[in-house]
Amino acid sequence: MGNLAAALDHPSRVARPAVRRGWLEDGPGPDDRRGRDEFVEVPWDDVLDRLAAELDRVRTRHGNQAIFGGSYGWASAGRFHHAQSQLHRFLNTIGGFTGSRNTYSNGTSSVLLPHVVGDMHAVLRQASTWPTIAEHTELIVAFGGVPEKNVFVTPGGVTVHGTPGHLARLRARVALVSPLRDDLPSTVDARWYPVRPATDTALMLALAHTLVVEGLHDREFLARYCVGFPEFERYLRDKDPEWAAGITGIPAADIVALAREMAANRTLITVTWSLQRTEHGEQPVWAGIALAAMLGQIGLPGGGFGHGYGSMGDVGDTGPELRVPYLPQGVNPVDEFIPVARIADLLLHPGRKYDYNGEVRRYPDTRLVYWAGGNPFHHHQDLNRLRRAFTRPDTIVVHEPHWTATARHADVVLPATTALEREDLGSGRRDTHLIAMHRIAPPAGEARDDYTIFAALAARLGVAEAFTEGRSPREWLEHLYRSWREEPTFDRFWADGELRLPPGREHHTLFADFRADPVAHPLRTPSGRIEITSATVAGFGYPDCPGHPVWLPPSESGPLWLIANQPHTRLHSQLDAGDVSQAGKVAGRERLRLNPADAAARGITTGDVVRVFNTRGACLAGAVLDDALRPGVVQLPTGAWFDPVEDHPTGPLCAHGNPNVLTADIPSSRLSQGCAGQHATVDVERFTGPAPRVRALHPPLRKGSR
Ligand SMILES: Nc1nc2c(c(=O)[nH]1)N[C@H]1C(S)=C(S)[C@@H](COP(=O)(O)OP(=O)(O)OC[C@H]3O[C@@H](n4cnc5c(=O)[nH]c(N)nc54)[C@H](O)[C@@H]3O)O[C@H]1N2
Ligand SMILES: Nc1nc2c(c(=O)[nH]1)N[C@H]1C(S)=C(S)[C@@H](COP(=O)(O)OP(=O)(O)OC[C@H]3O[C@@H](n4cnc5c(=O)[nH]c(N)nc54)[C@H](O)[C@@H]3O)O[C@H]1N2
Ligand SMILES: [Mo]
């Protein structure tokens, strides 16, 4: 909230359509000036004519699969002006596009979980609710904690933020397994297990080992509801607590005691999504499920396995799952797609083969990249590599309210309105209300709604009617509302400003039905049961994701582990210019937290500008000493706008503190090809000499370019 006001008319807003000089003068083509070139403002009609002609050239000469329109990102809380939906609908009306699958949020789990429990839904939206947990759960073993900073976010928005209240009412003891002590509110009764990053799977295996050795596992549950425990049990043989202590840094005696406590209590094992946003990210999720199966409490209220408590506001929420109005996107005639986090590989390696969930696929040849509503120079890893990838296409188009790094690396930048500057319908997946989002500010500069921009392009390409169906934005809102609810009338709803949604079906969990009768209510796995060993996954033959949970050491090591997690002062990179985000900066840069012992060893004190570096890149940050971090671990949240300085004597760096210059552009595994951006290995040093100014929040326009 506090970020909205200042960002609304901030100088970082894109005021008018702008075209990169090189593209304007030399036409489309690969260009390594992207991200360095200046922009020239061009009148709307002119830019739309040029862009329509270029879209037509690419689809005619190269085919529609040469248009990459995946456009991943979190723009807009509204249902109608949802930027990706608008873009996909538009591209579908002109013949389709290469899209992207899955998410940066939980793209590893969404590929793994169908093999293990039948679908993702089973653990995400059918988990025990917070009130059930408050009533029944005695022990929560929280891998990644339940970070309160994250629960204010829900896709589509949310009217009531329930999770903090639920957390305050917990009676369960919590075993907080995380490198960061503040991954749980300090008000919760917790014991902290300061695990080494990327080693949770070893800890889980040793807990499982202890259950077996002490005969505490539920053999009956494993036999009736699971397949493949015997193979896993054989694998566990040498995964004892001493072995795990050496890897995780958690003393063996503590592991044994925790395993006993888990078996003796109603225990909920939770794993945050961050753990699967890593190399081998399948393993902690699968091992967590195997461990919960061994406790035999899956399907009991408040017991079993949960995924994403503390990752998103609606996990564990009590609201009914809703069908809310949405914009129909039409049908994409192109069947090409990439797993979402393979964007740089797509652009750098057209034609190259890769594995994905049992398939061998090939990257198509991309000529035009179209992004609306996302910021790959926020969300992707190894930004220096992404910069090289962005030199390859003929044309890059970006719709943006702000001059983000992605806009700066584009050829055509079209100014988009924000949610405050247009009308929409707002609601989350488990919301209590549908909100009439009234316009509360005029569009900044010459900004237009994404819909209006696409409607103008559609008209130039002869498909205006197919795209707009003859409706204005307001007429679309009325249409979407009316095809969803007859009463109250749209006018009434709009005047009231909100509609309270009736409570839906009683919350019930898939696993409760399965537990009651696994034959009548099988899981949607090949066996109908929980697959502790998956013959399907084993059959793929991937060394980085074999047929049951295993310990796979990370391919990089020390000196320091960087946790690049979600920022608590904003949503991703959005509104970094806002007051709350700015107030969180240290020495004008993103805040890097480090343990006082690591700081002392490097002569660093709070408030210093530091250089964080590895072989892939470097960034500057503002140091804060904090013993809430395990020694050897530093934390730099995502979201500072990428601010490349190419000619610095220490080498190229980001002056602002974007951790994605440090993360590796590797997949979680060949199975899921998920994002592995949560971790990197780095070193940190005090930065001496004049620190380059942060320029990311100033527009890259030539003075008086109009
Ligand atoms: N290292 C590391 N990287 C990560 C992660 C991590 O844990 N570590 N987490 C990942 C995760 S989970 C995610 S979800 C991604 C998030 O990545 P993104 O969703 O790409 O990040 P946002 O900053 O939300 O980008 C949304 C963009 O849309 C713009 N926008 C807002 N409203 C509108 C609109 O109406 N129209 C248009 N055209 N644009 C609009 C905003 O200005 C902003 O630039 O990041 C991922 N990246
Ligand atoms: N304020 C705010 N809230 C958000 C977002 C935001 O940008 N800002 N983004 C939203 C989105 S799109 C998503 S997908 C979710 C993401 O939800 P998550 O992925 O769960 O969130 P993160 O903050 O990235 O990570 C949670 C915690 O995991 C811990 N962790 C990291 N590595 C390890 C490890 O190896 N072992 C253990 N045990 N713990 C580890 C970190 O200390 C971190 O604080 O958050 C959502 N909520
Ligand atoms: Mo996410």
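1. Let's start in strand 28, where Val-612 has Val-684 as its bridge partner. Two strands count as paired if DSSP finds at least two bridges between them. Helices (H or I, at least four residues) and strands (E, at least two) are DSSP runs, numbered from the N terminus.

2. Before going on, keep in mind that this is a predicted model, where local features need pLDDT of at least 70, side-chain atom pairs count only at pLDDT 80 or more, and totals for chains, interfaces and linings use all residues. Residues are numbered from 1 along each chain as its sequence is written, chains are lettered from A and ligands numbered from 1 in the order in which they are written, and side-chain values use heavy atoms, leaving out hydrogens and water.

3. Strand 28 (residues 679-686) also pairs with strand 21 (residues 560-563), again antiparallel and over four bridges. Here Leu-562 has Ala-680 of strand 28 as its bridge partner.

4. Are Cys-226 and Cys-545 buried or exposed? Cys-226 has 5% relative accessibility, so it counts as buried, and Cys-545 is buried too, at 0%. The cut-offs are under 20% relative accessible area for buried, over 50% for exposed and partly exposed in between (1.4 Å probe, protein chains only).

5. Now for ligand 1. There are 34 residues around it, and His-379, Glu-400, Ser-573, Gln-574 and Asn-660 come nearest; a residue is near if one of its heavy atoms lies within 4 Å. By class, the shell has nine nonpolar, 21 polar and four charged residues.

6. An N or O atom in the side chain of Asn-660 lies 2.7 Å from a nitrogen atom of ligand 1. For Gly-373, a backbone N or O atom is 3.4 Å from a ligand nitrogen. Taken alone, ligand 1 exposes 920 Å², and the protein buries 97% of that. Helix 16 (376-379) and strand 15 (395-400) are the elements that give two or more residues to the shell.

Notes:
Polar contact = N/O pair within 3.5 Å; in protein donor to acceptor, adjacent residues only side chain to side chain. Areas by Shrake-Rupley, 256 points an atom, 1.4 Å probe, with all protein chains shown as cover. Nonpolar A, V, L, I, M, F, W, Y, C, P; charged D, E, K, R; others polar.
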